[in-house]
Amino acid sequence: MRLISVPLNKFLIMRFYQKGESLLEVVLALGIFSLMIAAITAMLTGGFGLSRISELSLQGNALAQEGIENTRSAHADTWNIIPYTQTTTETLGRFTRTTTYNAVCRTAVHEIATCPASYTDIHTKEAVVTVSWQDRIGITNSVRRATYLTNWESQDWTQTDWSGGAGQTIWNDTTKYDSSTSLTATSSPGTLRLGDAPDGQWYISGGSERTDTTDTQFNAGTLSDVVVNGSGENAGVTLEQGLQWAPHQNSASTTSSHLNAISLLSSTDIWASANNGEIIRYDGSSWSLNYDVGSAHLNGIAMRTTSDGWAVGQSGKIYHYNGTAWSESADSGNDVWFDIASLASNDVWVVGSDDDEAEDDGKIAHYNGSVWSYVTPPSDHVIYGVAAVSPTDMWAAGKSGRIWRYNGVSWSLQTDTGSETWNDIVLISANDGWVAGKSGAVAHWNGSAWTVAAVPSPAEIKSLDAISSTDIWAVGQNGNVWHYNGSAWEYRGTAGSDKLNNITMINAQTGWAVGNNGRIELYGLLLYDATGTYQSTVVDTGTASPIWSVASWVETLVAGGNVTIATRTGATPAPDGSWSSWSGELTQPNGSQITSPSARYLQYRISYTRGDNPTESPRVDAVTIQYNLATSANLYSIAALSSSDVWAAGASGKIIHFDGTGWAEYADTGNETWYAMDFRTPIDGWVGGISGSVAHWNGSSWSDSSVPSAADIRAIAAVAVNDVWAAGLSGRIWHYDGLSWTLFIDTGNTTWRTLAFSSANDIWAGGDSGALAHWDGSSWSTSTIPSPDTIYGMTAVSSSDMWAVGANGKIWNYNGSSWSLHTDTGSQQWLGSAFPTSFDGWAIGGDGAIRRYNDTAWSSFSSPTAEMLSAVSFASRKLGWAVGDDGMVLRFYRESVSVMSGSLQSSAFSMSDASPIQTIEWTDVSTDCSSPCKLQFQLRAAPDAGGSPGTWSDWYGANGTSTYFTVPNGSLVPTALNGKQWVQYRAEFISDGTSTPILSDVTVNYQ
């Protein structure tokens, strides 16, 4: 039963969640009684001669009360039939009755308040009925009645646990659902969140540093075939994406024979010829073997129309396609035909050699519509390519640099360019043409002369095709591809390793190439470049001789892809001839030693390799250059307050600080060894150490003091400004009350090594041999942990979720009532722990070991060091630090904590019969998710079809189809979903990249 708090002068109705006898019957009885009293009063007063005005007043009151009863009746069966705010007016004789429904708002403690307040109560409405009339001309009277209506007689379908997982179509297991994408259900009921984004990494930190991580920083560098994606700290550098060549989906599956030529009629009708007489065809979706005309290799194909095509090849074979089948048109014996040009059904040319290139005897033949005839070439050199400007302007190219031209009457040697073998020729116009050759040379015709040049990365060019004079493509040996942009040729990389023999372009966005071993390449897919580089702006260390530490970077690799970094240094602000050469490629992202010479200025270069899948690119999200380490002393304690405020301390009195740009020594307090540190706020921090030394940070300086009955302090816990605890050797636990330290308790010979607290009345200490001590607000009690080994680190997630780590690989958990051994990792010593959230934990220890907790299990995590790590602290799930021996500082960074979006579709729930679906509400328990972070829902309904859902409706939100419910405290459901038996919800989660919405429950209310 949901109780509603209302002012005393308001009528109160309570909402029940189950059907049955309720207060409504009492209310209705009272209403009927009121009407009877009104009627009797009217009779009596009439007998005493009351005026007509009094009679109208009584009637107005009766109509107002009737209106109130009408509002109750309207909501008795369907709560969502009338929205929160609606006004209706009706005329009843000389009376006007106006009914208004108002939203009811509540405070944070659920008391009714003037709107807007903390939230709108979805299950309460205010109904106001006003009746007005004219007593006489110019005189208007009115009466007003108001009441609260509640959604009392209804039922809830509530889900609070999704840990059972996906795969349940019909609701029967309250922990399961139908399907989801990119969501994680935690082990505790009531927590559903977005899944984690690709994980971050630990890398070496600890000195002055320059970190590039934002779009502004990256865009200031030089980008070559790479781009910056994202904004702010979510930015990263990937390979550039554009139209690329890539294997077609069934490349090499249609045939393994060498494909020699390709010809297209349209984008859905493309033909290619191959060795062994094979002809394959593309129908717009896939390639298939269309014909096998014999054993001769087919070198050329030309499709003029759907019923007029030609293919030529070895053994003098010339084949014709009539729209139905291929047939032999001519057999010229030992001739080898290399290329064909079909201008009309009665004007076809073929070029080649007389005996498979054994001799330099070129051949030309022509078809006039009925017969083939030889045409005597002007020289005896083999001819490999033919092209037409018009029927009276034909061109051919071949061996020994020969280029021929046909004027409509005869062929003549147009030019001799030397020793180059020209494999192909293309003409854009009579004054614009290109030939390409065996050595990687090209030559251009400008209308008066041919000019020979070479393409970048020269290799044999087998074929050319031109879209325009400024858009020309070439392919050849080893799958190489080149492009001409109107001013220069550029090398476009390789499309596989097989030789490409022929190319045809449909338009500037689409093209095809074929080659050896059945290779089929398609141009037009939005793919990443094969390689690229990013060159940073210059890093200024501010000192002439910095001591280089490491370069580290946060990368996301793809299968077969790679990222490396190189550095160079110099004494001038801009790189010049005095700078060093680029270093060898650095390969360890979590810390590669910089090998460039010591100099004030440094520049880094990132080199990208795409990988196996051209639709994926490696990504770099941050690059850090470390130099001039803050200390080489052992570090034992750390406290991370924010991304720009981190403290660490250790041996030789060293206290170091990170200000967001780098680490520096902040204080050297002498011979102390600082074992413990805790910060309550940025202006209230403590360190504790050897011989009972303590120091306090007040926001501007550190001040030294000590505890009484001194012994080494190994742990410190700052609960409040006047409530600080310290623990250490000889069983001693000290307390600071805001004025001074006192020895609070001496528990004996135990060495207390760690403290953790969830509140001022819930503090734990852990120490040698599994010793435990607990403070409950009044006294300390001692006990021993299961499987007792020395406890080195403790973390309090909550009063019912505590963690401890220690010797011999032990990790323990406290559930609010007892401690248990959670994990035994073997011989590893765990010295510190941190939990940014209850489902994301870390343990660090000897030999640089790191473990990660993912809400269910602990697993190993890559570490960049073998130094012993002593303490760990996190500013957020994205950012953490660990410290250890020899001044070792590690930093953990991840670009995003959660994926950006995900969704869940519930099981289908039966409401038992055709019912109104009245409201939906949910609870989002996330506390740090900012815009665009949100959680939104949709509903759909279906009639019953033999015990299963029938045809589902569209998905609905608060304002109809394709909209969403976005108010967690509840929304009315559109009445279009009423009258169905089955209901299903869909939840969409959207992240801000750092945090995720966390759903703890969802409730759908129905009648």
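A717 stands opposite W725 in β61, and six bridges join β60 to β61 (residues 723–728), the two strands running antiparallel. This is a predicted model, in which local features need pLDDT of at least 70 and side-chain atom pairs count only at pLDDT 80 or more, while totals for chains, interfaces and linings use all residues. Residues are numbered from 1 along each chain as its sequence is written, and side-chain values use heavy atoms, with hydrogens and water left out.

**The sheet with β60 and β61**

- An open sheet of four strands has the order β60-β61-β62-β63 with antiparallel pairing, where strands are DSSP runs (E, at least two residues) numbered from the N terminus and two strands pair if DSSP finds at least two bridges between them.
- β60 (713–720) and β63 (741–746) stand at the edges with a single partner strand each, so one side of each is left without a neighbour in the sheet.
- From one strand to the next the twist averages 20°, with axes being lines fitted to C-alpha atoms and angles running from 0 to 180 degrees between N-to-C directions.

**The sheet with β69 and β70**

- Strand β69 (residues 801–806) pairs with strand β70 (residues 810–814) in the antiparallel sense over four bridges, and the bridge partner of A804 in β70 is W812.

**The second largest pocket**

- The second largest pocket is lined by 50 residues, of which A261, F338, D339, D424 and N502 lie nearest its centre; a pocket is an open set of points on a 1 Å grid over the protein atoms alone, where a 1.4 Å probe fits, with protein on both sides within 12 Å along at least five of seven lines, and lining residues have an atom within 4 Å of a point.
- β26 gives the largest share of this lining, seven residues, and the strands that each supply at least two lining residues include β18 (259–266) and β42 (500–507).

**The residue D768**

- D768 lies in the loop between β65 (762–767) and β66 (771–775).
- D768 has a relative accessible area of 23% and is partly exposed, a class between buried (under 20%) and exposed (over 50%), found with a 1.4 Å probe on protein chains only.
- Not counting residues up to four places away in sequence, D768 touches T750, T751, R753 and T790, where contact means heavy atoms within 4.5 Å.
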